[in-house]
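Colleague: I am new to this structure and would like to learn how to read its features. Could you take me through a few of them?

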Amino acid sequence: MAGAGRKVAVAAVQFACTDVEAENVATAERLIREAHKKGAKIVLIQELFEGHYFCQAQRLDFFQRAKPYKGNSTIIRMQQLSKELEVVIPVSFFEEANNAHYNSVAIIDADGTDLGLYRKSHIPDGPGYQEKFYFNPGDTGFKAFKTKYATIGVGICWDQWFPECARAMALQGAEILFYPTAIGSEPQDGNLDSREHWKRVMQGHAGANLVPLVASNRIGRETVETEHGKSTITFYGNSFIAGPTGEIVKLANDKDEEVLVSEFDLDEIKATRHGWGIFRDRRPELYKVLLTLDGEK
């Protein structure tokens with residue numbers, strides 16, 4: 001019956017980071033509260049929001065930014081906020097796990113419960129985005145988390161370029177996909193602007209899996225002192241929410257702090273997904289080529 005579905009409002013927040021953790025955590029909380037006032041039940045914060053995107057440089061002192069998963073002060077604060085507002089919050093952070101380090105996200109349910117951890121699987125290594133220096137490849141595998149409002153999948157930034165990541169989460173029951181992100185200009189080529197490519201790839205994930213998708217990116221110009229001098233990235237924002245056919249329903253610009261909110265009827269989308277047959281007609285036995293590097297069987 002029309003209007004009787006399971007409706008969930010989701011949000012993406014977007015802001016410029018300082019390099020002071022307390023300031024950024026306070027900004028995130030303020031914007032989450034704003035999203036909650038607009039009706040959002042699941043709110044996405046951008047990747048590594050506690051400070052500047054330090055991966056522009058390879059510096060040993062930046063490892064001091066990492067924190068253990070358990071007892072993490074930012075996660076605890078977001079748990080308290082989740083419980084107060086009854087919202088779900090994926091929390092991105094730089095994780096120290098004994099002698100390993102990960103780019104991770106903790107999934108906090110609407111009652112403040114920590115549902116578990118996802119560690120970024122695909123780690124970039126290019127000018128301005130030298131993440132392999134800091135992060136081990138994630139060892140959790142792709143996951144779907146059953147929250148109070150929906151089963152969700154969360155990938156992290158570079159994961160968003162890989163359709164296998166989105167499909168793996170959808171196959172596990174993810175009804176909405178979330179991608180916290182830090183992406184902007186390319187220090188080695190000022191003429192390279194990936195923002196439209198970036199959006200289209202994720203719109204494709206939404207459409208290919210018939211699920212809504214939420215992407216949160218930072219804004220602002222950040223300069224980091226590297227071993228070769230200063231490096232600067234201008235982050236292009238463009239945080240967005242896509243519907244289940246890949247259509248963009250809410251879009252931020254490249255300069256302003258924003259809170260985007262959109263509501264979806266997950267039962268209606270589920271019925272459409274089942275009728276469309278994209279999971280019924282899969283032929284996984286033909287996908288063994290994905291396990292090779294050169295496409296040879």
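Modeller: Let us begin with pairing: two strands count as a pair if DSSP finds at least two bridges between them. Please keep in mind that this is a predicted model.

Colleague: In which sense do β8 and β9 pair, and over how many bridges?

Modeller: Strands of a sheet pair through backbone hydrogen bonds, either parallel or antiparallel. Here β8 and strand β9, which spans residues 151–154, are antiparallel and joined over two bridges, and Lys146 stands opposite Thr151 in β9.

Colleague: Where do these strands sit in the sheet, and which strands form its edges?

Modeller: The open sheet has six strands in the order β8-β9-β10-β11-β14-β15, with mixed pairing. Its edge strands are β8 (145–146) and β15 (248–251), each of which pairs on one side only. Helix α3 lies across β9 and β10 (176–180), and runs at about 140 degrees to β10.

Colleague: How should I read a helix such as α2, and which of its residues are buried?

Modeller: A residue is called buried when its relative accessible area is under 20%, and exposed when it is over 50%. In α2 the buried residues are Thr74, Ile75, Met78, Leu81, Ser82 and Leu85. They cover an arc of only 120 degrees around the axis, so they lie on the same side of α2. These buried residues pack against α1 (21–37), β3 (89–97), β4 (100–108) and β5 (114–119), while the face turned away from the buried side carries the exposed residues Gln80, Lys83 and Glu84.

Colleague: What caps the N-terminal end of α2?

Modeller: Asn72 does, with a side-chain oxygen 3.0 Å from the backbone nitrogen of Thr74.

Terms used: Residues numbered from 1 in each chain as written. Predicted model: local features only at pLDDT ≥ 70, side-chain atom pairs only at ≥ 80, totals over all residues. Heavy atoms only, no water. Helix = DSSP H or I, 4+ residues; strand = E, 2+ residues; numbered from the N terminus. Contact = heavy atoms within 4.5 Å. Axes fitted to C-alpha atoms, helices over the stretch in contact; angles between N-to-C directions. Buried < 20%, exposed > 50% of the residue type's maximum accessible area, 1.4 Å probe, protein only. Arc of directions from axis to C-beta. Polar contact = N/O pair within 3.5 Å; in protein donor to acceptor, adjacent residues only side chain to side chain.
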